[in-house]
Amino acid sequence: MTITLKQLDYFIATAESGQVSHAAVELNISQSAVTAAIKTLEADLGVRLLERNHAGVRLTMEGARFLEHARVITGAVAAAVRSPLRDRKGLAGKLRLGMSYTVVGYYMSRHYARFRKTYPEIEVEVLELPRDALESGLMCGDIDMAVMLVSNLEHTEELAQEVLMRSNRRLWLSADHHLLARQEISLADVAAEDYVMLTVDEARTTAARYWDAAGLSLRAVLTTSSVEAVRSLVAAGMGVTVLSDMVYRPWSLEGQRIEVRGLVEPIPTMDVGLAWSRDRPIDPAAAAFRAFMSVTMGGGG
């Protein structure tokens with residue numbers, strides 16, 4: 001078995017876009033090259049990773065599992081290539097690192113593990129806090145740097161920020177939902193459906209901004225702080241929701257399929273990034289973490 005980084009890149013791009021054509025445009029190659037690479041990858045692994053549907057392609061259960069591994073592999077290689085080994089030597093200190101709930105659960109685990117391996121002499125204290133507490137900690141000096149949803153940042157004059165990733169928000173539906181038959185789905189269509197509302201990390205407040213701007217209100221049948229509860233309820237057909245791709249998984253804990261669709265109206269992205277105080281110099285440990293995250297994510301975006 002000979003699996004290449006190119007195959008992994010093509011697979012990740014196709015899985016994330018849901019379209020071979022979109023992946024080909026993003027990678028600046030032909031659709032046939034993408035298709036051939038993924039077919040070879042599936043043959044080497046002995047499993048189907050993607051299956052076609054009327055909207056493009058979607059992950060199989062095996063594909064969803066493999067996608068996480070593929071992201072870790074390509075991220076680790078990128079970090080190793082871009083991060084000069086000489087800069088790590090002898091770097092020590094303590095880093096008080098704040099994170100929000102969604103970042104801890106769905107974004108930072110693999111990056112945190114790689115950072116600790118890259119800089120073993122840096123002592124890292126992780127503090128999981130809500131957005132307002134993270135901002136207060138940064139401003140008073142109790143936290144050196146935070147990884148958080150910077151799209152929700154309030155004290156922008158006191159806090160600097162750097163975006164690491166922008167995650168699109170899309171509609172989640174059960175596999176047999178009637179809206180899947182539509183060529184286009186609008187916010188008005190969603191407003192007519194039962195809605196499962198997530199509250200963690202100010203998700204309800206963020207959603208209210210674009211729903212209010214559209215002049216629409218939701219018919220929320222359940223409100224919860226658990227992403228897994230939302231996933232299970234949507235998969236079971238109890239309602240729909242609009243959430244970011246970062247927390248999307250195609251299967252619920254019960255093994256039921258969750259479909260995603262884009263909406264006609266532009267929906268704000270969920271931006272994950274770094275935040276730190278403008279009034280305090282960044283110490284070496286925090287500077288190393290910032291540089292590590294920047295090269296790992298390719299400089300933001």
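Residues count as buried under 20% relative accessible area, exposed over 50%, and partly exposed in between. Keep that in mind for the close-ups below, which all come from a predicted model.

View 1. To find Val 77, look in helix α4, which covers residues 61-82. How does Val 77 count, at 32% relative accessibility? Val 77 counts as partly exposed, because 32% lies between the 20% and 50% cut-offs.

**View 2. Three strands, β10, β7 and β11, line up in an open sheet.** Read the strands in the order β10-β7-β11, and you'll find that the pairing is antiparallel. At the edges sit β10 (241-244) and β11 (258-261), and each of these pairs on one side only. Going from one strand to the next, the twist averages 45°.

**View 3. Strand β7 meets β11, and a helix packs on the sheet.** Strand β7 spans residues 169-174 and is joined to β11 by 4 bridges, with the two running antiparallel.

**View 4. Asp 201 sits in a loop and has a positive phi.** This loop lies between β8 and α9. Most residues other than glycine have a negative phi. Asp 201 is not a glycine, yet its phi is positive, at about 50°. Is Asp 201 buried or exposed? With 16% relative accessibility, Asp 201 counts as buried, because that value is under 20%.

**View 5. Glu 202 is in the loop between β8 and α9.** In this loop, Glu 202 comes between β8 (194-198) and α9 (203-213). Glu 202 is another residue other than glycine with a positive phi, this one near 60°. The relative accessible area of Glu 202 is 26%, so Glu 202 is partly exposed. Which residues does Glu 202 touch, leaving aside those up to four places away in sequence? They are Arg 131 and Asn 152. Now look across to Pro 284: Glu 202 and Pro 284 are 82 residues apart in sequence, and 32 Å apart in space, C-alpha to C-alpha.

Conventions:
Residues numbered from 1 in each chain as written. Predicted model: local features only at pLDDT ≥ 70, side-chain atom pairs only at ≥ 80, totals over all residues. Heavy atoms only, no water. Buried < 20%, exposed > 50% of the residue type's maximum accessible area, 1.4 Å probe, protein only. Contact = heavy atoms within 4.5 Å. Pairing = 2+ DSSP bridges. Axes fitted to C-alpha atoms, helices over the stretch in contact; angles between N-to-C directions.
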